[in-house]
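The following exercises are to be worked with the sequence and the three-dimensional structure at hand. Each task is followed by a solution in steps.

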Amino acid sequence: RVNQRFCITTSTKVDVQGAEYNSVTDAYFAREAKKKSKKDESGFFAAEAEKSGMSEEKKAGQKKMDNSLVNGLDADTKAYLKARFSLSANMYPHE
(Lines give C-alpha, C1' and ligand atoms only; values in the text may rest on other atoms or scores of the structure.)
Protein backbone atom coordinates (compact mmCIF):
# COMPACT_ATOMS: atom_id res chain seq x y z
CA ARG A 1 0.00 0.00 0.00
CA VAL A 2 1.18 3.49 -0.76
CA ASN A 3 -0.02 6.74 0.72
CA GLN A 4 -2.13 8.70 -1.78
CA ARG A 5 0.11 11.70 -1.28
CA PHE A 6 2.89 9.83 -3.12
CA CYS A 7 0.74 8.66 -6.04
CA ILE A 8 0.08 10.38 -9.31
CA THR A 9 -3.20 9.54 -10.98
CA THR A 10 -3.33 8.49 -14.61
CA SER A 11 -6.02 7.32 -16.98
CA THR A 12 -4.35 3.89 -17.32
CA LYS A 13 -6.70 1.03 -16.58
CA VAL A 14 -5.55 -2.44 -15.58
CA ASP A 15 -7.80 -5.49 -15.78
CA VAL A 16 -7.63 -7.49 -12.51
CA GLN A 17 -10.32 -10.03 -13.38
CA GLY A 18 -7.93 -12.96 -13.83
CA ALA A 19 -6.17 -12.49 -10.50
CA GLU A 20 -7.19 -14.21 -7.27
CA TYR A 21 -7.07 -11.72 -4.37
CA ASN A 22 -9.46 -13.37 -1.88
CA SER A 23 -6.66 -14.11 0.60
CA VAL A 24 -5.56 -10.45 0.81
CA THR A 25 -7.13 -8.67 3.78
CA ASP A 26 -5.95 -6.03 6.24
CA ALA A 27 -4.48 -8.81 8.35
CA TYR A 28 -2.25 -9.76 5.40
CA PHE A 29 -0.47 -6.39 5.71
CA ALA A 30 -0.31 -6.34 9.52
CA ARG A 31 3.03 -6.78 11.21
CA GLU A 32 3.62 -9.41 13.82
CA ALA A 33 3.25 -8.02 17.33
CA LYS A 34 6.47 -8.31 19.29
CA LYS A 35 6.53 -8.35 23.05
CA LYS A 36 8.55 -5.47 24.41
CA SER A 37 10.92 -6.19 27.25
CA LYS A 38 12.37 -3.85 29.80
CA LYS A 39 15.62 -2.26 28.80
CA ASP A 40 18.65 -3.14 30.84
CA GLU A 41 22.41 -3.34 30.39
CA SER A 42 22.41 -6.82 28.93
CA GLY A 43 19.93 -5.76 26.24
CA PHE A 44 21.88 -2.61 25.51
CA PHE A 45 25.13 -4.42 24.80
CA ALA A 46 23.57 -7.45 23.13
CA ALA A 47 23.98 -8.00 19.41
CA GLU A 48 21.25 -6.53 17.24
CA ALA A 49 18.21 -8.71 16.80
CA GLU A 50 17.80 -10.33 13.42
CA LYS A 51 15.35 -8.46 11.23
CA SER A 52 12.64 -10.56 9.72
CA GLY A 53 11.49 -9.86 6.18
CA MET A 54 8.50 -11.18 4.33
CA SER A 55 7.76 -14.86 4.83
CA GLU A 56 8.30 -17.25 1.95
CA GLU A 57 4.55 -17.89 1.91
CA LYS A 58 3.81 -14.20 1.32
CA LYS A 59 6.51 -13.95 -1.35
CA ALA A 60 5.08 -16.93 -3.23
CA GLY A 61 1.55 -15.55 -2.95
CA GLN A 62 2.65 -12.16 -4.21
CA LYS A 63 4.42 -13.67 -7.22
CA LYS A 64 1.32 -15.71 -8.04
CA MET A 65 -0.91 -12.62 -7.90
CA ASP A 66 1.58 -10.48 -9.84
CA ASN A 67 2.03 -13.04 -12.63
CA SER A 68 -1.69 -13.20 -13.36
CA LEU A 69 -1.86 -9.40 -13.38
CA VAL A 70 1.25 -8.84 -15.53
CA ASN A 71 0.12 -11.33 -18.16
CA GLY A 72 -2.81 -9.03 -18.96
CA LEU A 73 -0.64 -5.95 -19.58
CA ASP A 74 0.63 -4.83 -22.95
CA ALA A 75 4.31 -3.95 -23.56
CA ASP A 76 3.80 -0.17 -23.29
CA THR A 77 2.10 -0.46 -19.91
CA LYS A 78 4.86 -2.73 -18.60
CA ALA A 79 7.51 -0.20 -19.67
CA TYR A 80 5.47 2.62 -18.10
CA LEU A 81 5.25 0.81 -14.77
CA LYS A 82 8.97 -0.04 -14.76
CA ALA A 83 10.03 3.57 -15.47
CA ARG A 84 11.56 5.46 -12.57
CA PHE A 85 9.65 8.60 -11.62
CA SER A 86 10.65 11.38 -9.28
CA LEU A 87 9.97 15.04 -8.71
CA SER A 88 12.51 17.61 -7.60
CA ALA A 89 12.00 20.93 -5.87
CA ASN A 90 9.61 23.29 -7.68
CA MET A 91 8.46 20.56 -10.08
CA TYR A 92 4.75 19.91 -10.28
CA PRO A 93 3.28 16.71 -11.76
CA HIS A 94 0.30 18.27 -13.54
CA GLU A 95 1.68 21.23 -15.42
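**Exercise 1: The second largest pocket**

The lining of the second largest pocket comprises eight nonpolar residues, two polar residues and one charged residue. The model under study is a predicted one.

Task: Identify which residues line the second largest pocket, and state its volume.

Solution. 
1. The lining consists of Val2, Phe6, Cys7, Ile8, Thr9, Thr10, Tyr80, Leu81, Ala83, Arg84 and Phe85.
2. Under the classes used, Arg counts as charged, and Arg84 belongs to this lining.
3. The volume of this pocket is about 450 Å³.

**Exercise 2: The largest pocket**

Task: Determine which helix gives the largest share of the lining of the largest pocket, and describe that lining by class.

Solution. 
1. The volume of the largest pocket is about 950 Å³.
2. Its lining has 22 residues, and those nearest the centre are Tyr28, Phe29, Met54, Lys58 and Gln62.
3. Two helices, α1 (26-29) and α3, each contribute at least two lining residues.
4. The largest share is that of α3, with six residues.
5. By class, 13 lining residues are nonpolar, four are polar and five are charged.

**Exercise 3: The salt bridge**

Task: Locate the salt bridge and explain why its two partners are separated by about one helical turn.

Solution. 
1. The whole structure contains one salt bridge.
2. It joins the side chains of glutamate 56 and lysine 59, with an N to O distance of 3.9 Å; the cut-off for a salt bridge is 4 Å.
3. Both residues lie in helix α3 (residues 56-70), and because they are three residues apart, about one helical turn separates them.
4. Glutamate 56 has 60% relative accessibility and therefore counts as exposed.
5. Lysine 59, at 38% relative accessibility, counts as partly exposed.

Methods:
Residues numbered from 1 in each chain as written. Predicted model: local features only at pLDDT ≥ 70, side-chain atom pairs only at ≥ 80, totals over all residues. Heavy atoms only, no water. Helix = DSSP H or I, 4+ residues; strand = E, 2+ residues; numbered from the N terminus. Buried < 20%, exposed > 50% of the residue type's maximum accessible area, 1.4 Å probe, protein only. 1 Å grid on protein atoms, 1.4 Å probe; cavity = no way out; pocket = protein on both sides within 12 Å on 5 of 7 lines; lining within 4 Å. Points joined across faces, edges and corners; volume = space filled by probe spheres on them.
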